[in-house]
Amino acid sequence: MLARADVLSGLLFVAIAVFGLWISRDYPVGTSLRMGTGYVPRLLCWVLLGLGAIVMAQGLRQPAPALRPTALAGRAVLSVTVAIVAFALSLEKLGLVVAIVLLVGIGSLATRALRPLETAIAAVGLIILSWGIFIAGLGLAIPLWPDF
Amino acid sequence: MEFFSNLAMGFGVALTPANLGFAFLGAMVGTLIGVLPGIGPIATIAMLLPLTFHLEPVSGLIMLAGIFYGAQYGGSTTAILVNLPGETSSVVTCLDGHQMARQGRAGAALAIAALGSFFAGSVATGLIAAFAPPLSRVGQSFGAPEYFSLMLLGLIAAVVLAHGSVLKAIAMIVVGLLIGLAGTDGNTGGERFTFDIRELTDGIDVATLAIGVFGIGEIISNLARPAEERSVVAQKISRLWPTADDFRRSWKAVLRGTALGSVLGVLPGGGATLSSFAAYALEKKSSKEPQRFGRGAVEGVAAPESANNAGAQTSFIPMLTLGIPGNAVMALMIGALTIHGIQPGPQIMVERPTLFWGMIASMWIGNLMLVIINLPLIGIWVQLLKVPYRFLYLAILLFCAIGVYTVNNSYSAVVIAAFFGVVGFVLMRLECEPAPMILGFVLGPLMEENLRRAMKISGGDPMIFVHRPISLGLLIAAGLLLLILVLPQIRGKREEVFQEGEA
């Protein structure tokens with residue numbers, strides 16, 4: 001019953017609102033004439049809290065199928081996120097080539113459909129393509145190789 | 001005569017060989033990315049924005065216009081050929097467009113879509129040139145209270161377009177407003193929601209948020225779904241040019257679609273999606289043979305395609321003249337303009353006339369480029385659609401990552417985008433539509449600023465919003481709209497309303 005889309009979204013909104021209120025607990029609120037840093041954010045958090053509660057209550061009343069986390073989804077979330085973070089952290093120090101190899105290598109784990117050879121071809125193709133567009137074409141200051 | 005001299009000035013700026021080249025390039029890459037299944041105009045534009053940052057403002061804007069139209073049209077191509085709408089605005093194009101493709105008439109459908117869009121785009125460009133000056137004079141008389149009320153109306157109107165629960169859409173707007181406030185408060189200098197992370201003190205860039213939620217989030221959603229067969233049209237497209245019968249049937253539909261789209265596009269919350277749905281419904285209702293719709297009626301392609309292009313274009317009017325985006329795509333365009341050092345609003349036309357009119361002229365050029373590019377190259381787009389998704393998603397992922405990096409020149413922005421990718425995926429799973437959030441995100445700081453100014457004017461009395469007639473009118477409109485939206489839901493009749501809308 002708790003795993004319905006509406007109940008979960010309501011919970012999410014409430015959680016964001018409570019988190020926001022907690023973070024902004026020390027922000028000066030001020031008066032409506034001289035609004036402080038916290039005036040509008042805290043106001044919005046209270047509104048969101050109310051909306052979230054109503055969404056959740058409605059979700060509890062109306063029957064809906066429960067959402068189930070699937071292995072496929074977990075795999076997609078994990079590999080895509082790690083792939084991008086790896087790309088981000090390696091780009092400036094290790095250069096575009098290594099960063100793309102990491103992104104494609106980790107990203108390819110999101111689906112079983114890719115064979116290792118296909119992944120390698122994709123990596124090489126994308127390295128050439130992005131070198132052509134971003135470094136040779138647009139002249140962006142991204143290093144190509146590791147900087148030792 | 002002002003009308004023609006302004007347009008002439010614009011074309012004088014836009015029609016240099018280099019700028020034509022940028023328009024061509026923009027429309028080309030816009031279509032290239034926009035045609036990929038599962039990537040709508042918002043993600044396409046966000047991903048390609050960085051390409052324009054290194055250009056002169058005028059050239060950059062011209063290329064941006066090309067990208068904008070390419071992205072919009074690319075979505076229609078995917079809708080017709082693969083039956084996968086890239087975005088809600090091309091959902092109705094699927095209905096008859098894909099049926100035409102199945103009957104081997106994909107070429108005719110694409111050509112009618114391109115020609116109808118071009119006609120609609122030309123008319124809408126004229127409308128912008130005619131109505132932007134008077135409207136921006138109205139805008140100049142707006143004070144802080146009017147702006148605040150207008151933005152509130154725009155946010156409420158954005159809810160109209162969201163599917164499903166109204167309350168969830170409103171909550172998403174509030175979430176967007178909150179994310180928009182993250183960073184340093186321009187008024188007091190205090191930091192908000194920065195978690196002591198240095199990179200967050202300047203706030204989050206709209207392109208980072210949009211690429212994260214729409215680009216990366218969409219990829220995760222697609223990968224999380226079990227793989228299914230996509231029905232790409234396999235036959236070779238032999239005949240590109242529509243028959244005389246197609247033209248006879250569609251010219252009125254194009255005219256009606258253009259008129260309807262032009263009007264609906266100007267409304268806050270309006271734009272491409274609302275226009276195409278309304279135009280399809282109108283065409284079906286007014287047709288003598290409504291039974292042909294859904295079975296490959298050429299009018300069913302011509303009307304919504306003209307309407308969404310007209311609507312996409314006239315939605316520039318409030319954005320350019322008042323500085324207020326009517327939909328998520330416009331919110332992104334405001335972000336792009338700001339990066340080029342241009343603050344859209346009533347003063348832009350007076351302060352930088354060549355830039356303003358150059359941009360209007362470039363819209364028409366962007367439309368023209370679309371026809372030039374798309375008619376001969378349809379075969380290439382078909383080939384592109386045959387590339388398996390397991391290769392495509394890696395390329396899209398990479399372009400998202402590089403795109404975010406180049407906008408911000410910082411790797412931490414890429415990490416933030418990855419975070420919003422997960423957020424986008426979770427939101428889509430929870431059936432919370434992210435588009436209203438983007439709108440709230442862009443409007444958040446603007447609304448706070450105008451709220452503060454209004455309160456300073458009135459000495460802290462909130463009644464100022466009611467005492468000013470224009471502001472009061474806008475608030476009443478927002479209130480009525482909200483009432484119309486929420487009432488059926490409170491009575492539990494929202495489902496019925498929705499079903500009727502779809503029928």
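Predicted model: local features only at pLDDT ≥ 70, side-chain atom pairs only at ≥ 80, totals over all residues.
Residues are numbered from 1 along each chain as its sequence is written, and chains are lettered from A in the order in which they are written.

Let's begin with chain A. Its domain assignment (bounds like these come from an automatic or database assignment) gives domain 1 at 5-61 and domain 2 at 71-137. The C-alpha centres of these two domains of chain A lie 38 Å apart.

Helix α1 (residues 5-23) packs against helix α2 (residues 39-61) at an angle of about 160°, with axes 7 Å apart; axes are lines fitted to C-alpha atoms over the stretch in contact, and angles run from 0 to 180 degrees between N-to-C directions. That makes α1(A) roughly antiparallel to α2(A), a label for angles over 145 degrees. Their contact involves 17 nonpolar, six polar and two charged residues (Ala, Val, Leu, Ile, Met, Phe, Trp, Tyr, Cys and Pro count as nonpolar, Asp, Glu, Lys and Arg as charged, and the others as polar).

Finally, the two chains meet. The contact takes 57 residues from chain A and 52 from chain B, where touching residues have C-beta atoms, placed from the backbone, within 7 Å. On chain B's side, α17(B) gives the most, with 10 residues. By class, that side of chain B has 36 nonpolar, eight polar and eight charged residues.

Technical notes:
Helix = DSSP H or I, 4+ residues; strand = E, 2+ residues; numbered from the N terminus. Parallel < 35°, antiparallel > 145°, perpendicular 65-115°, else oblique. Contact = placed C-beta atoms within 7 Å.
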